[in-house]
Every structure is written in C-alpha cells, then in structure tokens.
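Reader: I have a new model open and would like to talk through how its pieces pack. Could you go through it with me?

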Amino acid sequence: WNLRVPFLKGVIMKFETKVVQAGMTPDPTTGAILPPLYQTATYVLEEVGKDKGFDYTRSSNPTRQVMEEQLAVIEGGKYGIAFASGMATVDSCLKLLKSGDHVVCSDDVYGGVSRHFNQILVNYNLHFSYVDSSDAANVENAIQPNTKLIWIETPTNPLLKVTDLEAVGKIAKKHDILFGVDSTFATPVFLRPLEFGADLVMHSTTKYLSGHNQLIGGIVITDREDLFDELKFVQKTIGAVPGPFDCWLTTMGVKTLDLRMKKHAENAQVVAEYLEAHHKVASVTYPGLASHPSYEIAKKQMSGFSGMISFELTGGILAGKTVMNSVKLAQLAESLGSVETMITHPATMTHAEVPKADREARGLTDGLVRISVGIEHVDDIIADLDQALDNA
C-alpha cells in the first residue's frame with residue numbers, strides 16, 4: 001500500500017509502524033516477506049526502446065529504490081536520493097550550487113565536511129562562512145548577496161550545539177535561500193527538519209539508520225520535485241551510489257530504528273547525568289541536560305535527545321587519553337550511532353585535519369571526549385566508565 005496516505009480510513013500511520021512497514025510489500029513472485037536483494041549491475045531489456053524502469057544499477061536499482069522510498073517516508077518527505085557515503089551525499093548537495101555561490105554553514109560540523117569545503121570546494125570558487133548557528137541571528141547576519149545555501153548540522157559533531165530550525169527556516173525563506181540540515185545525530189525518530197522549513201535533510205546511513213557498524217552510506221531527502229530531479233541527475237551522472245547489499249542492510253536496520261533510538265537516548269540521559277555528577281569531569285554536553293545552553297530549543301523541536309555525549313575531564317588531555325585507553329566495554333573507534341558503545345578523541349580522530357587554532361576557536365579542545373552511547377545495559381556502560389575514570 002501507499003504509506004504516504006492513511007492505511008485505514010481515518011487512521012494515520014504512526015511512526016513506529018512506518019519504520020517497520022515502509023516499503024515492505026511481499027515479493028510478488030515468491031511471497032517473500034522481505035524485499036529481494038537485487039545484486040546486479042545491469043538488466044536485460046525485453047526489446048529496443050522498451051523501458052521497464054531499470055537498465056543499469058548506477059542509474060537505479062530496485063533494492064536501492066526500496067531504501068530511498070522507505071527513508072523518505074520515515075523522514076516525512078516525498079523523495080530520497082541515496083549515495084555511497086555521508087560525504088558523497090554532502091558533496092552531491094553542494095553540486096546544486098554554481099561557481100561564485102556562497103554558503104553559510106554551522107561552525108561546528110563534522111571534520112570531513114569542513115575539510116571538503118575548505119580544501120576542495122573552495123578551488124571551484126565556492127565561498128563559505130562559518131557561524132555559531134545556535135544563535136539564528138548569526139546565520140542571518142552572515143548572508144551575502146550571493147548566498148545560495150544555509151547548511152546546518154544539529155546537534156553538531158562533536159560539540160552537540162543545537163540550532164533553532166524553525167527560526168533558520170524562516171530566515172532561509174525570507175531570503176529565498178536553500179536550507180539544508182544534517183540530521184544524522186537526531187534521526188527521524190527525534191527530529192524531522194522538513195517540518196521546520198528545510199529543503200534538504202541529509203543523513204549518514206552509516207550511523208544510526210543502519211545501526212550496526214556494517215556499511216557506509218548516505219541519503220538526502222526532500223519534498224521538492226525540482227531538487228529531486230537535480231540530485232537524481234547528479235546521482236546518475238557521478239555514480240557515487242551505494243551497493244544493493246548495503247541498501248538492503250539499511251532497510252533491515254531501519255526496522256528497529258525506533259526501538260534502538262529510544263534505548264540510545266534512555267541510556268545516554270543516565271550516562272550524561274552520571275558524568276555531570278562525577279568529580280573528575282569538568283563539563284558535560286548533552287542536549288537532554290538542563291545545563292545545555294540550548295536545552296529549551298532542543299526540547300521544543302526534538303522528541304528525544306539521541307545517544308551522543310561530549311565531556312571534558314578536570315585533568316585535561318592526559319586524563320582524557322587515560323580514560324579512552326582504559327575502557328573495556330566501550331570501543332575506541334571513529335564512528336558513532338551503532339548498538340555498541342564507542343568512545344572517540346575528536347582532536348586526533350574525527351577532526352584531526354581541522355587546524356588546531358580553528359578547533360580551539362570552536363571550543364573543540366584537545367581534552368574533549370565524545371561518547372556514542374550504545375544499547376547495552378546502562379549499568380554496564382557506567383561501570384566501564386567508572387573503572388576508566390578511576391585510572392584518570
């Protein structure tokens with residue numbers, strides 16, 4: 001059935017149902033309850049000139065199409081366009097721009113994004129201004145006559161800044177500027193930026209959407225047919241597409257997304273409160289804590305606060321490294337958003353290529369620790385952190 005309309009008369013399908021059912025119709029050939037994996041590069045045509053929708057997997061693939069439609073449904077959008085990684089997705093969104101265009105960007109973005117903007121795209125005469133987007137006035141003040149895109153990450157990586165999307169959406173509409181949001185940390189479980197005026201919503205499917213550390217991928221979702229047509233052309237032309245198996249794995253991961261995210265957030269709240277009360281912890285940043293500077297905005301636009309926490313120790317970088325090297329249950333790893341708890345040192349891992357002066361100006365110090373709280377029993381996570389902090 002069409003999951004964008006009520007599935008029973010007068011009944012709107014709830015989110016928990018969408019993540020399980022979206023795109024999942026029995027295979028008409030065999031009756032298989034799961035969509036088949038179309039692991040193929042090409043398709044045989046019945047006759048010259050007769051188009052049956054698929055000819056070459058770079059252009060389209062049935063498994064990828066199921067995933068794109070599934071993720072569009074749960075994000076509340078009309079169109080999904082998948083790419084081979086989160087960064088390929090960001091790059092493809094920037095291909096909507098032309099030489100000479102200007103972008104206003106959140107100052108605390110994933111290091112790979114700022115690296116791409118500052119070391120590659122500037123060579124194609126694109127211009128970037130970075131602002132603390134947690135204050136919407138900073139976004140509007142940075143707009144120039146050639147500004148064509150506002151790119152927001154919320155919550156940000158790794159400082160977990162939260163942007164008022166409704167306020168920025170109004171600014172974008174007022175100035176007729178494209179509004180893109182990287183919502184990887186929040187997922188559609190807790191935040192759906194299209195509802196606040198975003199034109200483009202991007203996710204690294206590597207993270208929470210697939211949720212099991214088994215693939216690399218990305219997706220952008222939009223309600224605008226013109227943007228879909230342009231991005232679909234980019235997808236086909238550039239060919240940075242995910243393989244069918246990665247798409248199939250993502251569709252399977254999404255089925256448990258609602259359950260997983262609620263457990264991530266439940267655990268993270270307990271861990272954040274534990275860390276905030278610990279005498280060796282100097283500061284904790286988590287949108288679910290009243291001490292977070294944008295706590296009220298987070299409560300207004302998010303239905304939960306996800307599983308990411310950043311903190312600093314009173315002993316600085318040496319204490320932080322000791323903790324990260326002492327964990328037993330948590331994994332010292334670059335990624336995030338998986339069922340396993342992972343701990344990261346942004347300054348030497350995810351943001352290692354951001355110049356030290358730039359990092360420190362943003363508040364990303366050498367002593368910052370980022371933890372992606374998993375879905376293990378929270379007592380075990382805290383016990384692991386407790387023994388690691390004892391060594392600090």
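Reader: Let's begin with α2 and α9: at what angle do they pack, and how far apart are their axes?
Author: Bearing in mind that this is a predicted model, helix α2 (residues 62–75) and helix α9 (residues 244–254) pack at an angle of about 35°, and their axes lie 8 Å apart. The crossing in which α2 passes α9 is left-handed.

Reader: Which residues make that contact?
Author: From α2 the contact takes T63, R64, V66, M67, Q70, L71 and I74, while α9 contributes P244, C247, W248, T250, T251 and V254. Sorted by class, the contact of α2 with α9 has eight nonpolar, four polar and one charged residues.

Reader: And α10 with α14, how do their axes cross?
Author: The axes of helix α10 (residues 257–277) and helix α14 (residues 378–390) come within 10 Å and cross at roughly 30°. Angles under 35 degrees count as roughly parallel, and α10 and α14 are therefore roughly parallel to each other. As for handedness, α10 passes α14 in a right-handed crossing.

Reader: What are the residues on each side there?
Author: On α10 they are N267, V270, V271, Y274 and L275, and on α14 they are V378, I381, I382, L385, D386 and L389. The class count for the contact of α10 with α14 is nine nonpolar, one polar and one charged residues.

Reader: Switching to the sheet, what is the strand order?
Author: The sheet is open and has seven strands, ordered β1-β7-β6-β5-β4-β2-β3, with mixed pairing. The edges are taken by β1 (79–83) and β3 (127–131), and each has a single partner strand, so one side of each is left without a neighbour in the sheet. On average, neighbouring strands of this sheet are turned by 20° against each other, if direction is ignored.

Reader: In which sense do β2 and β4 pair?
Author: Strand β2 (residues 102–106) pairs with strand β4 (residues 147–153) in the parallel sense, over four bridges.

Reader: Which strands does α8 lie across?
Author: Helix α8 (residues 225–238) lies across β1, β5 (178–182), β6 (200–204) and β7 (218–222), and it runs at about 20° to β1.

Terms used. Residues are numbered from 1 along each chain as its sequence is written. This is a predicted model: local features need pLDDT of at least 70, side-chain atom pairs count only at pLDDT 80 or more; totals for chains, interfaces and linings use all residues. Side-chain values use heavy atoms; hydrogens and water are left out. Two strands pair if DSSP finds at least two bridges between them. Helices (H or I, at least four residues) and strands (E, at least two) are DSSP runs, numbered from the N terminus. Axes are lines fitted to C-alpha atoms, for helices over the stretch in contact, and angles run from 0 to 180 degrees between N-to-C directions. Contact means heavy atoms within 4.5 Å. Angles under 35 degrees count as roughly parallel, over 145 as roughly antiparallel, 65 to 115 as roughly perpendicular and the rest as oblique. A crossing is left-handed if the near helix is turned anticlockwise from the far one by less than a right angle, and right-handed if clockwise. Ala, Val, Leu, Ile, Met, Phe, Trp, Tyr, Cys and Pro count as nonpolar, Asp, Glu, Lys and Arg as charged, and the others, Gly among them, as polar.
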